[in-house]
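Visitor: Hi, I'm new to this one. Can you walk me through it?
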Amino acid sequence: MPAIEKIKEEIKKAFTKRQADVLLNVVDIVDETVKAKDFNELKSIVAEIAKAQKELAEAQKRTEDKLEELVEAQKRTEQRVEELAEAQERTEQRVEELAEAQKETQKEVSRLDRALSELAEAQKRTEEEVRKLAIELNRTRQDLGGLSRSFSYAFENEAYRMLPNVLKERYAITIKDKVVRAEIGGKEVNFFAKAEKEGKEVYIVGEAKLRLDDTMKREDVIGELEEKVLAVKAEYGEVEIVKLIVTHFATKGILKKAEQEGIIVVQSYEW
């Protein structure tokens with residue numbers, strides 16, 4: 001009957017081929033054994049089965065889709081795990097490198113500590129040597145100072161003997177008594193004497209300097225002599241003073257300055 005054919009068509013559409021073949025055999029059997037009035041009920045059953053099959057297929061599809069999503073998620077998770085594992089490996093490698101670098105740093109710090117200790121010891125030795133050198137230098141300065149004073153005194157002693165003749169022969173100044181070293185007004189006058197020049201009484205006020213050159217400041221030589229001249233005048237009144245400097249050697253420049261200041265300069269080669 002036409003209803004049976006329609007049911008078969010619906011079965012073919014709603015089920016897989018294997019399922020449809022089984023159901024079609026059932027429908028053929030039913031077609032031969034049931035009455036026509038039961039086909040409506042059969043049709044309804046087939047429709048329900050088809051609907052259920054469709055819903056099952058959709059549910060199956062959703063399940064498969066979900067499974068695919070889960071598979072993809074699993075893949076992403078596994079990939080992320082691999083990435084994390086690689087990152088962990090890199091981290092561990094970096095930690096090992098840092099540990100090695102730390103060891104090297106500690107070694108370097110140890111070397112620096114040793115170097116600093118050695119430097120400190122060397123510094124102590126250097127300071128001790130410097131201290132010893134300072135002591136020796138001080139002694140040398142004292143010795144040189146003693147030699148310088150000895151030489152100066154020897155030079156002055158020689159000048160005491162020779163000045164009277166030099167002053168008389170070169171400058172017409174006659175010493176009345178003798179040239180002496182004197183303390184006047186709190187000042188040490190290297191050469192002091194009463195003398196006569198051109199029939200007038202004069203006072204010799206002199207300084208001894210081993211060397212006179214242009215690098216010396218005025219106050220170091222002429223200024224110092226002027227202070228002693230003032231001390232003598234304060235002691236003896238406004239007497240006439242002959243200013244004198246006795247030296248081993250004097251430059252032309254200092255000789256010119258002395259001449260301008262009215263100072264007689266006697267060099268040792270002159271006696």
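Predicted model: local features only at pLDDT ≥ 70, side-chain atom pairs only at ≥ 80, totals over all residues.

Visitor: Got it. How many helices and strands are in the chain?
Guide: The chain has five helices and six strands. Starting at the N terminus, the order is α-α-α-β-β-β-β-α-β-α-β.

Visitor: And how much of the chain is buried?
Guide: Of its 271 residues, 26% are buried. The chain exposes about 19400 Å², with carbon and sulfur atoms supplying 51% of that.

Visitor: Let's talk about helix 4. Which residues does it cover?
Guide: Helix 4 takes in residues 218-236. At 1.5 Å a residue, its 19 residues should span 27 Å, and the end C-alpha atoms are 26 Å apart, so the two agree.

Visitor: Where is the kink in helix 4 centred?
Guide: On Glu-224, and the kink is about 25°.

Visitor: Which residues of helix 4 are buried?
Guide: Those are Val-221, Ile-222, Gly-223, Leu-225, Lys-228, Val-229, Ala-231 and Val-232.

Visitor: What do the buried residues of helix 4 pack against?
Guide: Several strands: strand 2 (180-184), strand 3 (187-197), strand 4 (200-212), strand 5 (241-250) and strand 6 (263-267). Helix 5 (252-260) is a partner as well.

Visitor: What follows helix 4?
Guide: Gly-237, which has a positive phi, near 90°.

Notes
Residues numbered from 1 in each chain as written. Heavy atoms only, no water. Helix = DSSP H or I, 4+ residues; strand = E, 2+ residues; numbered from the N terminus. Buried < 20%, exposed > 50% of the residue type's maximum accessible area, 1.4 Å probe, protein only. Areas by Shrake-Rupley, 256 points an atom, 1.4 Å probe, with all protein chains shown as cover. Expected span 1.5 Å × (residues − 1). Bend = angle between axes of the 7 residues up to and from the residue. Contact = heavy atoms within 4.5 Å.
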